[in-house]
Amino acid sequence: MDLSSIFNVGTLLNTFNTATIVILAGLGCLMSEQAGMMCIGIDGMMTAGAFAAAVGSWYSGSWLVGVLCAVLVGLLFGCFYGVMVVRYHSDEFIIGVAFNIFAVALTTFILRTVFLQSGSFHPATGEIKTLPYLSLGALGGTNINISLMVPVSWVLIALLQIFLYRTPYGIWLHASGEHPDSLRSVGRSPEKMKYLGSVLCGLFCGLSGAYLSLGYLSTFTENMSAERGYVAVACVIFGRSNPVLVFLAALLFGFIDAAGMRMQGLVDPTLTAAFPYVGTILMMVFLALRNQRKLKAKAGHS
Amino acid sequence: MRKFLVLLLVLSLACPLLAAQAEQPKTPSVCIVVAGGLGDRSFYDSANEGITRLAEEFGTVTGVIECKEDGSLYESSLFDAAEQYDYVAAVGWQFIDALKKDDSVLSLFPDTRFLFIDNALEDFPENLMCITYAQNEGSFLAGYIAASLSQSGAVGVVGGDDNDTINDFIVGYEAGAKYCSPEIRVERQYANTYEDPAKGKECALALYNGGCDIVFAVAGKTGEGVFEAAREVDKLAIGVDGDQKYIDPDRIVCSMIKRVGQSIYDVVSNPDEYFRGGTVWNANMETGYIDLGYGSEDDPQQVSNQLKETIEALKQQIISEEIVVPSVFAVAE
């Protein structure tokens, strides 16, 4: 076992492909986080989106329709989340956890009663059209194939970065979470911005689900997101809701996961599975220490 | 008029009761409690097939309880099943802790017959029968085929997780590959889940990137991801438990078949011959519960007829114990 079998082009490719699931969900999560709402329910939104994408793509025979279905379902979930949290002031965590459980149960129920299949969606007739693949030639003996959604997610990161930090809407969105009263004092409604945040959250989670069922895999399976949404939440916290930082955090997670998996020959396989989570804890410790140092520095100045 | 209506109502209520009484179930009812979820097109679906056939052929009352890998459900699901059914099959090695306890479902339901599929306890009461499968024998053949078809000199296997049953597959697979060409490299990768195809794809891609050109999927539904990976990099794969060739006939060269459903079917439909309480039944290649499948004849075949003949010869050698395939389990003779 040498290092090249752990760190190679395949590892990087693997990192980018799997991280895209987390990146898209993270983008959703950070939109609601910017508006001061912690949406723990993104995992459920992803599952619902993945299901809608697979069914839409199969029914229409077009991946584009599949993606639109996923986005639509994500938007619905986002609206519902917004109404519950902004209008009825319900607890965001409870709603989020409810989403996660509800989405898994609902998709499983529909799969079994309407499509009469259990476990995964394998239609007898027709096929699930998947997102197009981009072949970027070979590097180091590995063919580089990436799903269309991967570069799309990068474009989205750039757009969101501009939206959040270069447009008034981004500032308002942030203010609606941080200082809703000051936003109100300039004649803007913080509620509207919060609605915008939660709807956009649903939209990106839907996209993440679509990538999961039409890009990374080519079918829907029950409980497909497999708690990847929580990883996204951790990335958002670590990346302080900044799209570029969240992107880097997701890549770091993906890399730890991919490299850890390839280390199974050296380390016990049950231990390698814990690597991403050990990574999370280390990151949080690092974050806490850095914050403390900042606070101390501030105290020293005054 | 009113009396007539009342009579009609009473009759309509009584009718189903009468019908139910007239139709006494001929065969005992059976429930499978699966550790994961149905729809893996592999291990659990095979078990489900067995009881579906029972229902079709004998009108047996059947039930399925899925635990979805939730460890807290294993024990309670067995109790639920035992309360309602005559036969309860615990499908999955994961049930070992729930059955090992002193006050387990076995002692509380002495009249219910239990089957423990895919694993064995050390000593246990008369109302339980453990069925293990000689997956090492079938995997030996799969390993032989993998090594014959491999051009890169490396073959891989994706296991569900690091436990005895899965390792039994891997040990057999490795032995078979080495039997074919002693120089071959056999690489393994554990997904640590049976329910997450995305994880399975990552594992398989790691193996394919590492130089393997054929990967054996031993991970239930996680294995679906292995086939997805094979399609993405256009390399070969081997299926497990059921004949999975149909999933991707161009890339799945063969499947290691483990007739879980058949064994449940046999025990429940013919208990006098098959049910041996208090014993471990090792269903092996000799009795036909372990086999190799190449899909239907219309499918494209990657395994040449010549190789198939070699495999057939190996199979006979295993049955006659000329070849003793290594196993993780110390098989008590």
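Q: Which residue forms a salt bridge with Glu224(B), and how far apart are the closest N and O atoms?
A: This is a predicted model, and in it Glu224(B) pairs with Arg41(B), with 2.8 Å between the closest N and O atoms. To call a pair a salt bridge, look for a side-chain nitrogen of Lys or Arg within 4 Å of a carboxyl oxygen of Asp or Glu.

Q: Into which domains is chain B divided?
A: Start with the residue ranges. Domain 1 of chain B takes 30-134 + 261-283, and domain 2 takes 135-257 + 289-319. Their centres, taken over C-alpha atoms, are 27 Å apart. In the contact, domain 1 of chain B takes part with 20 residues and domain 2 of chain B with 22 residues.

Q: How do I read the area buried between domain 1 and domain 2 of chain B?
A: Look at the total, then at the atoms behind it. Here the total is about 1,700 Å², and carbon and sulfur atoms give 49% of it.

Q: How many salt bridges and polar contacts cross the interface of domain 1 and domain 2 of chain B?
A: Count each kind separately. The rule finds one salt bridge across this interface, and twelve residue pairs in polar contact.

Q: Which elements give two or more residues to the side of domain 1 of chain B that touches domain 2?
A: They are helix 2 (43-58), helix 10 (260-269) and strand 11 (280-283) of chain B. Helix 10 of chain B gives the largest share, three residues. Sorted by class, this side of domain 1 of chain B has eight nonpolar, seven polar and five charged residues.

Q: What should I look for where chain B meets chain A?
A: The contact involves 26 residues of chain B and 30 residues of chain A. Together the two chains bury about 2,300 Å², with 43% of it on carbon and sulfur atoms. Glu202(B), Asn209(B) and Glu232(B) supply 22% of the area that chain B buries against chain A, more than any other three residues.

Q: How many salt bridges does the rule find across the interface of chain B and chain A?
A: The rule finds four. Among the salt bridges in this model is the one between Asp257(A) and Lys199(B), at 3.1 Å from N to O. Polar contacts link 15 residue pairs across the interface of chain B and chain A.

Q: Which element of chain B gives the largest share of the side that touches chain A?
A: Helix 8 of chain B does, with nine residues. By class, this side of chain B has seven nonpolar, five polar and 14 charged residues.

Terms used:
Residues are numbered from 1 along each chain as its sequence is written. Chains are lettered from A and ligands numbered from 1 in the order in which they are written. This is a predicted model: local features need pLDDT of at least 70, side-chain atom pairs count only at pLDDT 80 or more; totals for chains, interfaces and linings use all residues. Side-chain values use heavy atoms; hydrogens and water are left out. Domain bounds come from an automatic or database domain assignment. Contact means heavy atoms within 4.5 Å. Buried area is the accessible area (1.4 Å probe) that two parts lose on being put together, summed over both. A polar contact is a pair of N or O atoms within 3.5 Å; within protein, one must be able to donate a hydrogen and the other to accept it, and residues adjacent in sequence count only if both atoms are side-chain atoms. Helices (H or I, at least four residues) and strands (E, at least two) are DSSP runs, numbered from the N terminus. Ala, Val, Leu, Ile, Met, Phe, Trp, Tyr, Cys and Pro count as nonpolar, Asp, Glu, Lys and Arg as charged, and the others, Gly among them, as polar.
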